Amino acid sequence: MNNTAQRLADVVSMPARSVGTQAATAATDTVRHLRNWTTNEVDDWGRDDSFVRRVWSLSHVRWDTSVGGIEHVPKRTGALIVVNARRFALAPVFAAMAIGAAVDRPVRFVGRPDIAPLGPMMQRLGGLLPVEAELEGALRAGELIVLGASPTRTNLHTGVIDHQLVGSAVAAKVRVLPAATMSVPLQRNARVEIGAPIRLRHKRRGPLEELETADHLQAHINAVLDEMAGTMTGTPIDWFPNSWVGRI
Amino acid sequence: MGGELGSRVASLLENESWVGSIEGIDADPPRRRLRRTVFHRIVPGQHERTVKVVTDYNPHVVVHIAVWEPHARAATGTARSLTDDAATSILGAAAECRALESIVVRSGIEIYGRGRGSVTRPSEQVAPNPTSEYGRMVACIEDTANAIGKRIGVSVGSLRLATVLGPHVPSALGRLLRLPAVPFSMLANPPFAVIHQHDAAEAFVSAARQRIDEPLNIVAPGAITALQAIRRGQRIPIPLLGPEWGAATAFTYLAGAPLPDHVREMLHRGRLADNARAREVIGFAPSTTTSDVIDQLYRWPSVVHTPAIKQVA
């Protein structure tokens, strides 16, 4: 009798048994993932590549990001990519991950706080402190860095770009690239459009170089955003011009 | 040259063609067989004897490695006084030597400090701002050596080493990581870098050969967090939030692995440094990565069987 029951149980998987097996498998997988994750290495700047990949995969649930102009990004040397940022959109973080995935190189971003637990977590994602010496060191080491302009309410124009942080790229003698980021809260699509490197008409010896570079960056990003005509929500609220519910 | 690092440096210097004679001073005898090095056993406090030995020898290059990391071989207070005594006697005596051309001193990346807003991976251009006792000790050595170098007109180079780890190297961090259960900061868990003892020794030899005249960071490539290190060593990680660190420090002290402030700082704030300049100036690139150093630390055998150089039976 026992043998018959056993044989029957082997052939017919009862729902409870199936759920139990699946739960056990899921738990085992989770433990294995956690084990793998905690034994990962971080790079010289504390960026955890596998953590970045996980967050990037997770972000696909919400965003469908496309990147244009990657031919302007250097393949080996360092470069500073300056992006516009909409408030609360974490544009530098997602732009860094999107560009990193497109060019298959680690890309870092500026603007992690120096307070736990947020600071160390953002360091795992590739965050750098907004300190000139930190940027300069990373750029000299051949890293790609995304710097966000000061956040704005809409995607219509970019905010002020910190010329002192841009100065670290000037000191490190690396390319400075403008990039426009566009994302809409009510849609999945997001876009990062990288422009050609900024070249000043007049070579400057002093601090005017970073000031003028920052101004050129701002003008270039604004021009790209104008071409996009601002991003619309795709809903009737776009019909309200120049209001906070209109273009975002 | 009694410690692991000093003995290794002496042994490497013996193989250098540009090195004539070598003499060394330490409180402990050398850990390895040295063929043409003359060793003087002098306790750091014996100032007159140190001065006599150094001035009689009249060296061209002085490599000063006598730095006691707190709780590596001595408690913090003792380490501070031994380090001060050794620096004062040896660097002071070296200043009296007419033949002296170059001084190379051991320092540490703890010199940069880890205050709020400090650079994550400082290069040598970042101004020192030590925030731990060990950081202040090495800053003091650098200041003393630089003052002497300026006064007598010789080049002074300092090697700012990351935490020196490896088999048989006494280290507060090494002892902590080898405990069966290791505390770490759950909220921060920041990355840090270390350097293998052999790489550190090679850096000293390269620096002495090149007669460097600037500080250089000597750091292994890569970084690791405390949790990752604990997991690699298959130890039990004990996540701590903050207030319980006091109890954890007392517990590790009782377990034989005291936590000095620079190690505690590292576990909370991390410790990295930019090593690009060392490659440019002395062509030095460490061969062991940070994670490999950690792996070697955990593979530390309790008994080492050294084969005989000549079999007699």
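## Helix H3 of chain B

What sits over the buried residues of H3(B)? The cover includes strand E1 (22–26), helix H2 (47–57), strand E3 (61–64), strand E4 (102–108) and helix H4 (133–152) of chain B. Those buried residues are Ala79(B), Thr83(B), Ala86(B), Ala87(B), Ser89(B), Ile90(B), Leu91(B), Ala93(B) and Ala94(B). Here a residue is buried if 20 or more other C-beta atoms lie within 10 Å of its own, exposed if 12 or fewer, and partly exposed in between, with C-beta atoms placed from the backbone. Helices (H or I, at least four residues) and strands (E, at least two) are DSSP runs, numbered from the N terminus.

This is a predicted model, where local features need pLDDT of at least 70, side-chain atom pairs count only at pLDDT 80 or more, and totals for chains, interfaces and linings use all residues. Residues are numbered from 1 along each chain as its sequence is written, while chains are lettered from A and ligands numbered from 1 in the order in which they are written.

## A proline in a loop

Pro44(B) lies in the loop between strand E2 (37–41) and H2 of chain B. Is Pro44(B) buried or exposed? Pro44(B) has 21 C-beta neighbours inside 10 Å, so it counts as buried.

Beyond its neighbours within four places in sequence, Pro44(B) is in contact (C-beta atoms, placed from the backbone, within 7 Å) with Ala27(B), Ala66(B), Leu82(B), Asp85(B), Ala86(B) and Ser89(B). Take Asp85(B): it is 41 residues from Pro44(B) along the chain, yet their C-alpha atoms are separated by 5.5 Å.

## Two strands side by side

Now for strand E7 (residues 181–185) of chain B. Four of its five residues are buried, so E7(B) is largely enclosed by the rest of the structure. Five bridges join E7(B) to strand E12 (residues 236–240) of chain B, and the two run parallel. Two strands pair if DSSP finds at least two bridges between them. Pro183(B), for instance, has Ile238(B) in E12(B) as its bridge partner.

## Where the chains meet

How many residues of chain B are in contact with chain A? There are 26, and they touch 21 residues of chain A. Strand E11 (224–225) and helix H7 (226–232) of chain B each supply at least two residues of chain B's side. H7(B) gives the largest share, four residues.

Notes: Two residues are in contact if their C-beta atoms, placed from the backbone, lie within 7 Å.
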